[in-house]
Number of protein chains: 2
Amino acid sequence: MLLDDTHDPHLRSWVSSANEAGTDFPLQNLPLGVFETPDGGARAGVAIGDRILDLRACDQAGLFTGSLSDVGVACREARLNALIALGRPALRMLRQQLSGWLREVAIRSRVEPALVPQSGAIMRLPVQIGDYTDFYASLYHATNVGSMFRPDEPLLPNYKHVPIAYHGRTSSIVISGTPIARPSGQTRPDGYSEPVFGPSRRLDFELELGVLVGTGNDLSVPIPIDRAEEHVAGVCLVNDWSARDIQQWEYQPLGPFLSKSFATTISPWMVTLDALEPFRCAPMKRPEGDPDPLAYLVASSAEAARALDVRLEVALASERMRQERQPALVLARSSTRHLYWTVGQMIAHHTSNGCNVRTGDLLASGTVSGPTRDSRGCLLELTWRGTQPLALPTGEKRAFLEDGDEVVFRGRCEKDGFVGIGLGECRGRVMPAGSAAGGA
Amino acid sequence: MLLDDTHDPHLRSWVSSANEAGTDFPLQNLPLGVFETPDGGARAGVAIGDRILDLRACDQAGLFTGSLSDVGVACREARLNALIALGRPALRMLRQQLSGWLREVAIRSRVEPALVPQSGAIMRLPVQIGDYTDFYASLYHATNVGSMFRPDEPLLPNYKHVPIAYHGRTSSIVISGTPIARPSGQTRPDGYSEPVFGPSRRLDFELELGVLVGTGNDLSVPIPIDRAEEHVAGVCLVNDWSARDIQQWEYQPLGPFLSKSFATTISPWMVTLDALEPFRCAPMKRPEGDPDPLAYLVASSAEAARALDVRLEVALASERMRQERQPALVLARSSTRHLYWTVGQMIAHHTSNGCNVRTGDLLASGTVSGPTRDSRGCLLELTWRGTQPLALPTGEKRAFLEDGDEVVFRGRCEKDGFVGIGLGECRGRVMPAGSAAGGA
């Protein structure tokens, strides 16, 4: 284990909200993000309880000294790219420093002026994303979706050998809270011989974990699996909104395109890999008879082979539920420990052909479905292609998303003997087709 | 027609090489690019004959005045993004100004110091590319490839309705001349039940036209087809290098990924849409019985429905051919007038779901194959999946690319009554697997 004193469950912060049971942002978390307030532009910050520690203000107060001076310079940027490009050792050093500042009473008077209430801040995209890659790493998701579209052959022959992925759209990645306009597109409804153009009738969410690249590799120089996690800065939540009817008509032979590119929502706080250290777990046990992965996908140590146990949930609130003051209904709970491929395998595969990843690149897991019915990470699976609609507490039914529906993802890590940490939330409300609602 | 005096075939430049027959860069072209010399960083320039007009130097010399002052400021950047973001009217104004400077003897003494020989400059990527989209717009290419893999159903039912495309990899886009390391990857050779990992044995080129976006659209606000070309800055050549054996094993169900993401080469000079004005043509006539496109893909004027007649060729020189001083062998000649979908249709489709395009985005056409055997734009088609190898003048055979092979694309526009213009060249040499050859 690679734990240090920052993971000590007995540590308490002088920021009292950070010590409350169940907070996503205790002293043991310290996720990084970019926020904006009316009196200052976008800048880097750290979530602590219900506050944000303004890292630019820390730099201006001269708090980054000695070996942290590079970190201070990087925190002057309006995105986290320069900071995470410093690499994992620098992020770990920053984490240790932040943990000290936020618990030691002696320094409180110098640090406290840099705290901002989260309620008064607007979160922005944490990084400038160069490329966005979406994997398909849940065997359960791939099997469920495959059995709907290809009952005779739910899993294609490549699935258990290849960490399947496709390139997603970067321009339409938006921050949690951005309204999502229902996309229009070509579909060929059942029984039609010709396609029609109009608003999607099968709008869906996909519950995913995002991985943000800290340091990249040079073109033509693959990243070996044993070193893959050195290149990871942290994780966030991803909602890969999907128009299933558009997808079904367009996706062959080159994969999903407009069915996904209208919007992808990410959560604002990047939880670092160091914060996740206590919540690592063994990779999913491959079902009996599954082939061994090829050598480039096999880590040489148990440490490099580890998976992540990030518990994910998706909740939905319709417009009527909000009017009736009903809480959002949890539709599914899952965990990234159910993924067939680890983050290390994804990165080793992605770069195995020499492809370069860059600081700020986003890799998403694909829908994180688990083995049970209530751990399916999208409506396509939860309602079995719309044939088994879900009942909402208002009496409404949901086969796919309706206008006004708000979808909220949450992520949390818990383990006995440790303080649980959270990823915050990833939220988006569906607006009617034609509403120009977007914008990062 | 939207011709102006810059297209006048009688114009001659005081740069004598610009008046030579067959030059790619006469006074009627004026393509934009980014170059670097030992005595100065990357900066914007215009190709004229065998020279480059240094636009930063023009700005420093105070040549951009009045309504061109924004252009002068934008030319201080190391990429063309700021310049092309000014929009087509600004690019047209710049073109008219450049045409005047380079032909009027009165101003020659002020402009000439800003000329740099192309032979002394290194070309860089012209723009920072946010997203790269690759279409599949040649019916001939789609039919040929489809008939190899699905003899019973060469064209899928969506092809004649949907301008099929997928997201490509941005990080590995490199400038012409960058060596291309042969990628390794998973393949399942014929007769094998399990995949193997190793260097691709079916490396291919794809002859494509690239379109660079000048001005983008807001998220959730589609670009109507009649206004699509307002958003285009210009075109270049694209080699979408492809590992066919990796592609065949990985591409289902989410499309090509590592088979394409190891490298994509673009040519350095962006030929503006204004320069292409004389070379517009009617769109490809749809074969008898083909469905009409849906309304959002139908332009309301003949002008907005036009295609481009850019003539493309691909030539190959093996290492032995170079040793024997044989010229590169032209393998195929085609034209973008053979594309089933126009640039306007691509942009209207791409944004029809609300997806935003941004300044500097690259849209590529897909392999530009024509109707004849000698107009096929990739080896997969030219050698019919390797079953009909090509003979080189040295007696060598080529089913797919070998190490040391250099592939050169050229593009040209010709029309009676006009001075022909060229796109320059897009060149790349294949290096052995494992050579860390890349880098933009």
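**The interface of chain B and chain A**

Tutor: Between chain B and chain A an area of about 5600 Å² is buried, and carbon and sulfur atoms give 61% of that area. On the chain B side, B:H167, B:L254 and B:F257 lose the most area to chain A, and together they make up 14% of what that side buries. This is a predicted model, and the totals for the interface use all residues. In terms of contacts, 63 residues of chain B meet 63 residues of chain A.

Polar links also cross the interface of chain B and chain A: the rule finds 27 residue pairs in polar contact, both residues being at pLDDT 80 or more. Four salt bridges are found across the interface as well. A salt bridge joins B:D361 to A:R169, with 2.8 Å between the closest N and O atoms. As for secondary structure, at least two residues each of the chain B side that touches chain A are supplied by β7 (165-167), β10 (184-187), β11 (196-199), α7 (244-250) and α9 (343-351) of chain B. β7(B) gives the largest share of that side, three residues.

Aromatic pairs are a separate matter, counted over all chains: the structure holds 18 of them. In one, the ring centres of A:Y340 and A:W341 are 5.3 Å apart and the planes stand at 85°, so this pair is edge-to-face. A:Y340 counts as buried at 5% relative accessibility, and A:W341 does at 2%. A:Y340 and A:W341 form one aromatic cluster with A:Y136 and A:Y159. The charged end of A:R286 sits over the ring of A:W341, 4.9 Å from the ring's centre.

Terms used: Residues are numbered from 1 along each chain as its sequence is written. Chains are lettered from A and ligands numbered from 1 in the order in which they are written. This is a predicted model: local features need pLDDT of at least 70, side-chain atom pairs count only at pLDDT 80 or more; totals for chains, interfaces and linings use all residues. Side-chain values use heavy atoms; hydrogens and water are left out. Rings of Phe, Tyr and Trp (its six-membered ring) pair if their centres lie within 6.5 Å; planes under 30 degrees apart count as stacked, over 60 as edge-to-face and the rest as tilted. Buried means under 20% relative accessible area, exposed over 50%, partly exposed in between (1.4 Å probe, protein chains only). A charge sits over a ring if NZ of Lys or CZ of Arg is within 6 Å of the ring centre and within 35 degrees of the ring normal. Contact means heavy atoms within 4.5 Å. Buried area is the accessible area (1.4 Å probe) that two parts lose on being put together, summed over both. A salt bridge is a side-chain nitrogen of Lys or Arg within 4 Å of a carboxyl oxygen of Asp or Glu. A polar contact is a pair of N or O atoms within 3.5 Å; within protein, one must be able to donate a hydrogen and the other to accept it, and residues adjacent in sequence count only if both atoms are side-chain atoms. Helices (H or I, at least four residues) and strands (E, at least two) are DSSP runs, numbered from the N terminus.
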